[in-house]
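The following note is intended for a reader new to this entry.

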Amino acid sequence: MALIDFKVLPGIDKQDTTSGAENRWVDCDNTRFRYGLPEKVGGWSSLVTDTIVGVARRQFAFVDLDGNRYIAIGTDKFLLIYFEGQLYDVTPLKTTLASCTIATVNNSAVCSITKASHNLSAGDIVLLDSVTLPVGTGYSNSDFEDKLFQVTSITSASVFTITQSSNATATVSTGGSLSVKPYETVGPAEQSYGYGWGIDTWSSGKWGEAASASDVSLEPGLWSLSNFGQVLVATIANGKTFTWNAGDAARLTTRASTTTSGFSTSANPTATRVTLVSPTTRHLIHLGTETTIGDPTTQDDMFIRFSDQEDINDYTPTAINSAGSQRLQDGTKIIGSLKAKETILVWTDNALYTMKFIGAPFTFGFEQVGTNCGLIGKNAAIEIDGAAFWMSNNGFFMFDGTVKSLPCSVEDYVYDQADTTKGQQICAGINNLFTEVTWYYPSTSSDYNDQYVVFNYGEPMRGGVWYIGTEARTSWIDASVYPKPSATKFSDSATGTFPVIVGEDGLGQTTLFEHEVGTDQVNANGSTTTVTSFVKSYDFDLQAKQKDAQGKSSGPTIAGENFLAMRRFVPDFKDLQGNAKVTLAVKRYPQQSETTTALSPFTINSSTEKKDTRARGRFVNIKIENTDVSESWRFGTLRIDIQPDGKR
């Protein structure tokens, strides 16, 4: 019998059944579509030998006036700078707690620190300084001096505990002297519900005892990162704004601050959901901020305030400056904002607004351009070449001058499994080289991002194609300042190595990867992990395909009426590095569980001409995959030799 070609259209279709998704692929992982053909994605390699403590939520790449390149990384605990293969901790500090005392318990690593009205919470990070221990603890001052600790518990409003790396040798009542420098609190590692009186975990029973759950959502620790020239502007979500000057000679040992010389933010609002610097006019814009600057109780989630032009610390409107404010109406809170071509896009939980510079006397003009299209999370929107793409609670959208709903062939699959109550953890990324917009999201079975969905806007079919996968990331930036994209991967079961925290417990580990490098995952310790991938087709109707091939498809036919036998197939790979595996599976009926054919899976390499097989069925599907290191593939067309084999 002659060989019959099976051509499959690009993209994944999960809206239909596996047999009804005619000429489509129905499942994949770590696979992309390029020029209509499926291929394994590129590999990724750790940029540093350290891993980051906590979960990274935001990256921002920028350049100083000398051409030095940086990536700012905002996590649930820290603000870090990546520079020339190293990580630096520039997290801002709160007011120092001076004249504290410390107590130890024999054979215990738990140390109690006393300071009236310390205002700390379990999980906070503190830096100890000017340490003089009481006599007899078994520790030396250097065990604490200039070390980071995690606050492990709150005993009272005056006492909190930390955990050393070894046990004390005696019980010593509170004494000695030390200073505690608390890190600015960013927020939880994951989005969850609040407790008791809003968002605290204190109840009238005792410190640290959770009260009954409320319907208040605790958003995860998030950052807004932008630049004012060579100065990084960093805002903690619902918190303060800090700056870090890359032009400072001692920049890598200097922390972000509200009092950075020449770039102070001491007069900025102290509770803001989102900030950005306008691209041409250089106003610092606070969205979802205070109506009375310096009073966080006046935070209005729909209120916008912007500084004077070129002055990021002046927010008082006068007749001779361009500072001002505006309140949006449609929605309950501002979720996110992006710079786009000649405009700034502002999303609420229900609508999209444009914010354009119009000059005096109003400075910025606002126009609502969409409704029922709100943003699901602060980092769930991306912009490329003047077009914005985003994920909402009820679908995917784009804006290119008008708001458009994106038809999605995997929409039900994504929303059926996505935990949309953790929308603030969703991260969008652009990979412009492959014309891909990716959303990484947590499924209902995971606390953190563990799935992704891709819209390839460059594939011409139906205005773009969709595909899915499971190699999740928590932040992403495209190649621009650096030649390759970079992304962060989080594990809640591992321990990070930077910054070093004594007594760390349960903070997890983030790895910073450079993407589109090689074929595998190269870890921070230099080891290599296989990047496995696969793509699986819909169930081909063998009888219909055979009739088409023989020119006998005119007139009514009963699809799948006859059994057919497959004797051989000819693989067709555009590119193949190492081996690929091909599995053929058959069914008698669409609803029947598939059966892998005899001799499957078939190992294919660049010299494979054909593979003989013995299989019988009405429907067949094909799965292409790789399972080992140094393997990569790009698949073309499947050709199968089939012949009739009866009706039973």
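1. Strands are DSSP runs of E covering at least two residues, and they are numbered from the N terminus. The model under discussion is predicted. On that numbering, Glu219 lies in the loop that runs between strand 20 (213-218) and strand 21 (223-228).

2. Is Glu219 buried or exposed? Its relative accessibility is 17%. Because buried means under 20%, Glu219 counts as buried.

3. The side chain of Glu219 takes part in polar contacts with two side chains: that of Arg273, at 3.0 Å, and that of Gln424, at 3.3 Å. Leaving aside residues up to four places away in sequence, Glu219 touches Pro188, Gln191, Asn238, Arg273, Lys333 and Gln424.

4. Turning to the rings, the structure contains 29 aromatic pairs. In the pair formed by Trp390 and Phe397, the ring centres are 5.7 Å apart and the planes meet at 15°, so the pair is stacked. Planes under 30 degrees apart count as stacked. Trp390 is buried, with 0% relative accessibility, and Phe397 is buried as well, at 10%.

5. Which residues do ring pairs link into a cluster? The cluster consists of Phe389, Phe396, Tyr415, Trp439, Phe455, Tyr457 and Trp466.

6. Charged groups also sit over rings. The charged end of Lys14 is placed over the ring of Tyr413, at 4.9 Å from the ring centre. For Arg251, the charged end sits over the ring of Phe83, and the distance to the ring centre is 5.5 Å.

Key:
Residues numbered from 1 in each chain as written. Predicted model: local features only at pLDDT ≥ 70, side-chain atom pairs only at ≥ 80, totals over all residues. Heavy atoms only, no water. Phe/Tyr/Trp six-rings, centres within 6.5 Å; stacked < 30°, edge-to-face > 60°. Buried < 20%, exposed > 50% of the residue type's maximum accessible area, 1.4 Å probe, protein only. Lys NZ or Arg CZ within 6 Å of the ring centre and 35° of its normal. Helix = DSSP H or I, 4+ residues; strand = E, 2+ residues; numbered from the N terminus. Polar contact = N/O pair within 3.5 Å; in protein donor to acceptor, adjacent residues only side chain to side chain. Contact = heavy atoms within 4.5 Å.
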